[in-house]
Amino acid sequence: MNAAAASLAIAWPSTDALWIMATGAVIAAACAVLGAFLVLRQMSMMGDAISHSVLPGLAAAFLVTQSYSIGPLLLGAVIAGLLTALLTQTLHRFARVPADASMGVVFTSLFALGVVLITQVKGVHFDKQCVFEGALELAPLYTVQWGSLQLPRALAVGLIVLGVNTVALVLLWKEFKLSAFDPALATTMGFPAGVMHYLLMTLVAVTAVASFEAVGSILVVAMLITPAATAHLLVDRLGPMVLLSAAIGAASSVLGYALAVHFDTNVAGMMAVAAGGLYGVAVLFSPRYGLLSTMLHNARLALRVIRDDLLGMLYRLEELGAERRLASRDARTAIGGGLLAWWGLASLQRNELVSRAGETLELTPAGRDAARQLVRAHRLWENYLVQFLGLPLDHVHEPAHRVEHYLDSGLQQSLRQKLDDANVDPHGREIPE
Amino acid sequence: MIALSLSMKVTLGAALLGGVAGVVGAFAVLRGRSLVGDMLSHAALPGVVLAFMLTGSRQLAALSVGALATGLAAIGLMTLVVRWTRTKEDAAIGVMLSSFFGLGVVLLSRATRSTTGGNSAGLNSFLFGEPGNMLNSDLLLLAGVGTAALLIVTLLFKEFKLVAFDADFAASQGWPATRLDLAMMALVAVVTIIGLPMVGVVLMAAMIIVPAATARMWTHRLHTLLLLAAAIGVFAGVVGSRYGRGVPAGPAIVLAAAAMFAASLLLAPQQGLLARFMHTVRLQRRVAQDHLLRSLYELAEPQPQETPAIDFESLQADRRWRPARLRRLLEKNQQQGLVTLSGGVVTMTPVGLRAAAEATRRHRLWELYMMRVAGAAADHVDRSADDVEHLLPAAVVLELEAELEADPKLAFAAPRVPPSPHEIRAGEGDR
């Protein structure tokens, strides 16, 4: 079936490809806008749970009504979804089952029940694989008339769900926002966070059911969680996060379809992989929360600390009035050695804070100024710790050594005022101006 | 090899799997990692397909190695993003689950196409579970892995126990907590993957979670928990695979486990809903009894007598009791010889007076304590004393008494009840 579908998708004119991409994108966006709230409330796996428990709902509705009409099926699935949310919370709250375990118990049991129910339905074709993978490739084959336009049915359903979700979010924006970030505050302010929770769960269930047929459970889960998690790495405000989630969801669909055609493989699966890939890109390269920027930030901080330590060491040597000057090799070893030490010393020389006379190092006037600031910060902090925190003398060097890099001149000024213009540190050394 | 019938093999396999999954699942549940099992079983798919594509064989051992590789990769990536980025654990699990599973579906679709169908049927069993395909070698593998997992749990019992309950403490004591944690998760991974061909992706997660969550309701001790989870797993496996009556074995096993979970939910001695309901009812009764006694005492207080008599109406008005409830309560008290009822008059017996005095004393001691120590105002202490008086153990009452001995308000009368620090108004108390 898959092979036939995929070959159709390639062989047919590109309007079908466009329809498939549009269907995927719309459904992905519908899932992703809700996903933003799931991710923020740390309930992502609820999306997974609900999209699994849709199955028994569908099966039960079919057994009761013996028809394929959409109304009862939708109702059954939504009830099953809500039941999952309700049971999970009840088990957690009243029977003190850990939250994740209660979710795991509920949705896997319901899923097992669903599989059993479906095997009881005689004469119904049930493609188990279809549950996971959906049949997005076949979307253009089933169309509905919308005005003068002939749309794939799955696209029409997706548009409706996206519309419902958008309207609900726009109308109840501030309520959703508040209960996403602080449910307790929301409740005290008179927005029932519990009601908002179940409203969100209802929307998730409706979206999951509607998307289920077209894209399968795997893509529903992927699109509920992954684009929102990606957007969460990129922006800080809720509005942009929701919009970006939708955009990333849509982009994953298009990208996934292109890749699926290229590699001649399953479309829904590839869309999930594409969403995961975009998440991976965000993990690495997000400007503020990405691994790369975190590493860069850490490296820059480490370099700054090393430079400060070098300057401080040279200054203290000068202060002792010793004749001996440090050789650059010794200086590097003294601060831990390695590449970072080498780089720190080199950058100090490049900025002309330290000059090199033969083998030994010498502070330049600018370097001496910078070092004085640093040593001043260090000794002021030592004084502060002794006077205000009552730390013993042999305990103040280490904390001051850590803090000295962060005390700017303003802070130094207020420290000095607080310390009654003290001009010696607790060890009796002068605090430089 | 002993010749076993297929149904015997399936039962044996299901029992083995249930037992081992119960044991390792206990650690997953205790560590708050229940859904990691779900993620693992999904993340195993690409590994299975890759192993198949590379080796061309459908040997369970080879496929399991592949599954283990991608499963561990998913755990590793999840840990990485949780540790280093803003993504929380739930979202990380979801992302890894769906991305890896998507990759698995993609690869599966490629594999199916390149080998012209048929051949990959064995791979589909990893998705949905086909216990009917079980071979003797599969059973041996299951037994081998299960024994190894149990051996590791036995050898590292103390270490696992420490990490499972307090990983930070374990780390502070110098144990390699992270590595032990990973070892635990690796055990979960291995067992999950071995079980996949039997029960399938979604239901394998249930095998990890449900027996452990069920056992957790019955005990607070780790070794009991492990034994119980194993027993529940074995039992679910046997019942589900033998008495399924046409229901596929995988879902039947899970439903058997779920039924035990539901039963435990109701009946477990401390956490069970029934026990907790009973506890609430008992507490409510005790509170009502204390309130009744205090009402009686306070109504009798203005004219002290040996056996004070209070009329029913004023008693009912004092706390706005529902008449029927008050009558039932009084009748019970009559049986215990605390009061006698005749017409509309309630007469306290000496024993009843004594008990009423005790209840009132507890209330007033706490009120005085709140005023003295917590600095609460006289008109604020009544309510807070109402919350606490029923739960004050005798030792605390003695302590309060000793502490408040010097208080001038504690001019102890015969039954040693201090006078109320505030005005007593009828109908002000809550029911």
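Domain bounds come from an automatic or database domain assignment.

## Model and numbering

This is a predicted model, in which local features need pLDDT of at least 70, side-chain atom pairs count only at pLDDT 80 or more, and totals for chains, interfaces and linings use all residues. Residues are numbered from 1 along each chain as its sequence is written, while chains are lettered from A and ligands numbered from 1 in the order in which they are written.

## Domains of chain A

Chain A splits into domain 1 (2-287), domain 2 (293-363) and domain 3 (368-418). The centres of domain 2 of chain A and domain 3 of chain A, taken over C-alpha atoms, are separated by 20 Å. Nine residues from domain 2 of chain A and eight residues from domain 3 of chain A take part in the contact, where two residues are in contact if their C-beta atoms, placed from the backbone, lie within 7 Å.

On the side of domain 2 of chain A that touches domain 3 of chain A, helix H13 (residues 291-319) of chain A gives the most, with seven residues. Helices (H or I, at least four residues) and strands (E, at least two) are DSSP runs, numbered from the N terminus. The residues of that side of domain 2 of chain A comprise six nonpolar, one polar and two charged. Here Ala, Val, Leu, Ile, Met, Phe, Trp, Tyr, Cys and Pro count as nonpolar, Asp, Glu, Lys and Arg as charged, and the others, Gly among them, as polar.

## Domains of chain B

Chain B has domain 1 (6-271) and domain 2 (282-403). Their C-alpha centres lie 57 Å apart.

## The sheet of chain B

Three strands of chain B form an open sheet in the order S1-S3-S2, with antiparallel pairing; two strands pair if DSSP finds at least two bridges between them. Strand S1 (309-311) and strand S2 (339-342) of chain B are at the edges with a single partner strand each, so one side of each has no neighbour in the sheet. From one strand to the next, the twist averages 25°. Axes are lines fitted to C-alpha atoms, for helices over the stretch in contact, and angles run from 0 to 180 degrees between N-to-C directions.

S1(B) and strand S3 (residues 345-348) of chain B run antiparallel and are joined by three bridges. Ala309(B) has Thr347(B) as its bridge partner in S3(B). Helix H15 (residues 323-335) of chain B packs on the sheet and touches S2 and S3 of chain B; the direction of H15 makes about 120° with that of S2(B).

## Leu12 of chain B

Leu12(B) belongs to helix H1 (residues 6-30) of chain B. Leu12(B) counts as partly exposed because it has 18 C-beta neighbours inside 10 Å; a residue is buried if 20 or more other C-beta atoms, placed from the backbone, lie within 10 Å of its own, exposed if 12 or fewer, and partly exposed in between. Val238(B) is 226 residues from Leu12(B) in sequence, and their C-alpha atoms are 7.5 Å apart in space.
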